[in-house]
Amino acid sequence: MFIERFHKVGGTERPNIGMSEINSRTRGLRGGLGRAEYLCAMSHSTAQVDVLAFGAHPDDVELSAGGTLAKLAAEGKSCAIVDLTRGELGTRGSAEIRAAEAAAAADILGVSHRENLGLADGFFEVNDESLRKVISAIRRLQPSVVIANALNDRHPDHGRAAALVARAAFLSGLVKIETGSEAAPEMPWRPRAVYHFIQDQDRVPDVVVNIEGHLETKFKAVMAYASQFHDPQSTEPETPISSPEFMDHVRGRATSMGRPAGFKHGEGFEVRRPVGTESLLDLI
Ligand SMILES: [Zn+2]
């Protein structure tokens, strides 16, 4: 089974990485240096994490849940990101460049583990092979909570990734399912909940996380993907997300998500079951 693990940082403290360092890491790769110079190989991680965020493409998680992860990491919670594909069909950049950018973004957010399952960008399906790969990651990382793509969105990979991860999160708890992975223990594991972040389409959230104080960290992580977003130096084709206006949109989304919940900035999530609480007083 192909699993590309390309990044690991220890602990949950957020390293202080400047944009110049990010740029130097990724610029070198664009210049043709090997990915191995930027990305450290890692052994199989079987450490239990508090939160595991899946994204169809590298940068999905940063754009829609980056503030949530940065806040959790700053509070000492362990977070991991699993990218389903390498984003190899993206108009700008390449899979190698995006891998280096993803590693830099993980450093900025303070996540403790990041890996890539190597599914086919644009063509992965919810099938036996993809389900077992996702189940294997869930069983290995044993998250309390899973975060996944938007339930429906402009890019068809997003809704399919949401369905894939939600189904795998359920199946992962069935004792008779074996994934065939040598890396993952075949111990059943079911996360408490799957929260779907909101992407391009406006959707009504069931839960809003207050990310005030963490928006700039989110933006720093997003801008680590210099190949994808606005870069005045870039000579690559413009895309719907490469204009400066797109960043205005992302910032506006944080404001509009937060406002109804009483927050300066927020990130919204949908969940396909009622949100439980011990007491109404615990809810904001
Ligand atoms: Zn995406």
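Asp59 counts as buried because it has 26 C-beta neighbours inside 10 Å. Here a residue is buried if 20 or more other C-beta atoms lie within 10 Å of its own, exposed if 12 or fewer, and partly exposed in between, with C-beta atoms placed from the backbone. This is a predicted model, in which local features need pLDDT of at least 70 and side-chain atom pairs count only at pLDDT 80 or more, while totals for chains, interfaces and linings use all residues. Residues are numbered from 1 along each chain as its sequence is written.

To find Asp59, look in the loop between β2 (51–55) and α2. Helices (H or I, at least four residues) and strands (E, at least two) are DSSP runs, numbered from the N terminus. The phi of Asp59 is near 105 degrees, a positive value in a residue other than glycine. Most residues other than glycine have a negative phi.

Gln142 is partly exposed, because 18 other C-beta atoms lie within 10 Å.

## The chain as a whole

The chain holds 7 helices and 8 strands. It has 284 residues, and 48% of them count as buried.

Two residues are in contact if their C-beta atoms, placed from the backbone, lie within 7 Å. Among contacts in the chain with a separation of 6 or more, 80% come from residues 24 or more positions apart.

How many of the 9 residues of α6 are buried? The count is 8, so α6 is mostly covered. The buried residues in α6 are Leu215, Thr217, Lys218, Phe219, Lys220, Ala221, Val222 and Met223.

One partner of this helix is α2. Helix α2 (residues 60–74) and helix α6 (residues 215–223) pack at an angle of about 135 degrees, and their axes are 8 Å apart. That makes α2 oblique to α6. Axes are lines fitted to C-alpha atoms, for helices over the stretch in contact, and angles run from 0 to 180 degrees between N-to-C directions. Angles under 35 degrees count as roughly parallel, over 145 as roughly antiparallel, 65 to 115 as roughly perpendicular and the rest as oblique.

The crossing of α2 past α6 is right-handed. A crossing is left-handed if the near helix is turned anticlockwise from the far one by less than a right angle, and right-handed if clockwise. On the α2 side, Glu62, Leu63, Gly66, Gly67 and Ala70 meet Leu215, Thr217, Lys218, Ala221 and Val222 of α6. By class, this contact of α2 with α6 has 5 nonpolar, 3 polar and 2 charged residues. Ala, Val, Leu, Ile, Met, Phe, Trp, Tyr, Cys and Pro count as nonpolar, Asp, Glu, Lys and Arg as charged, and the others, Gly among them, as polar.

## Helix α3 beside α6

The axes of helix α3 (residues 95–109) and α6 come within 8 Å and cross at roughly 165 degrees. That makes α3 roughly antiparallel to α6. Helix α3 passes α6 in a right-handed crossing. Ala105, Ile108 and Leu109 of α3 make the contact with Thr217, Lys220 and Ala221 of α6. The residues of this contact divide into 4 nonpolar, 1 polar and 1 charged.

Ala99 also lies in helix α3. With 25 C-beta neighbours inside 10 Å, Ala99 counts as buried. The C-alpha atoms of Ala99 and Pro58 are separated by 7.5 Å, although the two residues are 41 residues apart along the chain.

## Strand β6 and its neighbours

Strand β6 (residues 193–197) is mostly covered, with 4 of its 5 residues buried. Two strands pair if DSSP finds at least two bridges between them. β5 and β6 pair in the parallel sense over 4 bridges, and Val146 stands opposite Val194 in β6. Strand β8 (residues 266–270) runs antiparallel to β6 and is joined to it by 2 bridges. Here Phe197 stands opposite Phe269 in β8.

## Ile177, on the way to β6

Ile177 sits in the loop between α5 (156–171) and β6. It is partly exposed, with 15 other C-beta atoms within 10 Å. Not counting residues up to four places away in sequence, Ile177 touches Ile135 and Leu171. From Ile177 to Pro188, 11 residues apart in sequence, the C-alpha to C-alpha distance is 8.1 Å.
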